[in-house]
Amino acid sequence: MTSNPLNPSNGDDTPKDPLTEMLQNLMGGKGMENFDPAELAKAAGLPNDPNLLAQMFSQVQAMMSAPSEGPVNWTLAHDNARRVAASSSDPSVTSQQSRDVDEALRLAELWLDPVTDLPATGLIGHAWSRAEWVEATLGTWKRLTEPVANSIANALSTAMTEQMPEEMKAMMGGASSMLQNMGGAIFGMQLGQAIGALSADVVSSTDIGVPLVDLEMALLPANVAAFGEGLSLPENDIRLFLAVREAAHARLFVQVPWLRGHLLGAIEAYARGIHIDTSRIEELARDLDPSNPEGIQEALSQGVFMPQRTPAQEQALEKLETALALVEGWVDELTAAATEKMLPSASALRETVRRRRATGGPAEHAFASLVGLELRPRRLRDAATLWATLKEERGIEGRDAIWHHPDLLPTAEDLDDPKGFSGRRKLAEASDSEVDDALQKLLNGGFDTPAPDAGKGEAAGGEEPAGDKETKDDDGGDTQPKG
């Protein structure tokens, strides 16, 4: 009987699934019969809902047989994010909620005008459901996570290939595309899960500090209401305070056009340099016991897929964290200035938002575990202090002028010592001015021109300067030095 390399025999006329055999080899020869799909999903951080899991795995089967356009199955990521967003209550936005959000954002723009030199945006405010937030932001998530996905996909592919016995490599034959699709589907499921979970936490389009949409202002009424639970504060105050934060973010990103690309580019640069330690993946595959879901959960919680940071990555991360802190600190300072006389609860709301941004929620932590990047401004308070100091020293116009060019932005050192920023900047500007003057003189040929007093003293070669030579009197008499 002819052997089918994609459906080999066990020697007893029973066809053997090549994928099952490969997983058995990867897991030390242990069988798959003790796998509980629900427990495996739990270990992978997926929802513990049999119906939801059945739909997801059914979709994965279909996706694995279709060609993939890249390291992530974005169709699956999109569908899973929408499904997770709708798994809890996600009511459609009512006309009254739309009016409330529009009025809050319009009023926020008026409150911001006296406290910043940056002009209003003129953007129309929107009220979004969680599903609408997913739709609006997925394009940016794709841009931010694809470099990470590439790195993880390459590492997984390398680990699986190296761990696979030679006979398995020959047996799998043309199934390599199936494995690639499987990796893209798994990452897409996990990413969709993380984005869907974030949709239940964020209160606005810029809530995580990164401009996920361009030229938009939006609040999520359902999440704004959830944010206010337990605060014992008027709902209108909460909406207005969050609207001022959203309007401040939008004003900064619109009126400082280089800033959005600067932040997203910094994240992309960091992600492109990510290195996955394949030896840790191989070790997990070698030691994993498929009959012990708790062991799987423990292995994954130890960050086996967590990117390993190089010294260059650490430097890139510090610059990114500083930029995120500067954005959040500026927004924090402006929101406080705009609301302190308008909302009695402004101070309490400011502290609540600060703590929320500093610690992050479960959804943010899940996203950080997936892509190896935390989008939290660790030094928000330091940055707010710096902006307040600059306002005292330079006024509103001088403070906001810092955003004119990325080279003017404060550094991590400036966050350490906000009071010394202006002094260090003056020294740097003086040094730059001296260099510019010297360069201009060189370009003008100034270094080839003798100084005004260069003719005084002895001339080169021992000759006397012309002004000191003896000359005859007009009548041809004795010579004397020329006066």
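Q: Where does S232 lie?
A: This is a predicted model, in which local features need pLDDT of at least 70 and side-chain atom pairs count only at pLDDT 80 or more, while totals for chains, interfaces and linings use all residues. Residues are numbered from 1 along each chain as its sequence is written, and side-chain values use heavy atoms, with hydrogens and water left out. With helices (H or I, at least four residues) and strands (E, at least two) taken as DSSP runs numbered from the N terminus, S232 lies in the loop between α9 and α10.

Q: Is S232 buried or exposed?
A: A residue is buried under 20% relative accessible area, exposed over 50% and partly exposed in between, using a 1.4 Å probe and protein chains only. Because S232 has a relative accessible area of 74%, S232 is exposed.

Q: What is the phi of S232?
A: Most residues other than glycine have a negative phi. S232 is not a glycine, and yet its phi is positive, at about 55 degrees.

Q: Which residue takes a positive phi just after α9?
A: Helix α9 covers residues 221-228. Just after α9, a positive phi of about 85 degrees is taken by G230.

Q: Within what arc do the buried residues of α9 fall?
A: The buried residues in α9 are P221, N223, V224, F227 and G228. They line one face of the helix, because, seen down the axis of α9, with the arc taken from the directions from the helix axis to the C-beta atoms, they fall within an arc of 165 degrees.

Q: At what angle do α9 and helix α10 pack?
A: Axes are lines fitted to C-alpha atoms, for helices over the stretch in contact, and angles run from 0 to 180 degrees between N-to-C directions. The axes of α9 and α10 (residues 235-255) are 10 Å apart, and the two helices pack at an angle of about 115 degrees.

Q: Which residues in α10 do V224, F227 and G228 in α9 meet?
A: Contact means heavy atoms within 4.5 Å. In α9, the residues V224, F227 and G228 take part, and the residues that they meet in α10 are I238, R239 and L242.

Q: How many aromatic pairs does the count come to?
A: Rings of Phe, Tyr and Trp (its six-membered ring) pair if their centres lie within 6.5 Å, and planes under 30 degrees apart count as stacked, over 60 as edge-to-face and the rest as tilted. By this rule, the count of aromatic pairs comes to three.

Q: Why is the pair of W133 and W141 edge-to-face?
A: Both W133 and W141 are buried. The centres of their rings are 6.3 Å apart, and the pair is edge-to-face because the planes are at 65 degrees.

Q: How many residues apart are W387 and W403?
A: W387 and W403 form a stacked aromatic pair, with 5.2 Å centre to centre and 25 degrees between the planes. The pair links distant parts of the chain, with W387 in helix α17 (residues 380-400) and W403 in the loop between α17 and α18 (412-416), and the separation is 16 residues.

Q: How far apart in space are L138 and A81, C-alpha to C-alpha?
A: L138 belongs to helix α6 (residues 130-163), and at 12% relative accessibility L138 counts as buried. Although L138 and A81 are 57 residues apart in sequence, their C-alpha to C-alpha distance in space is 9.2 Å.
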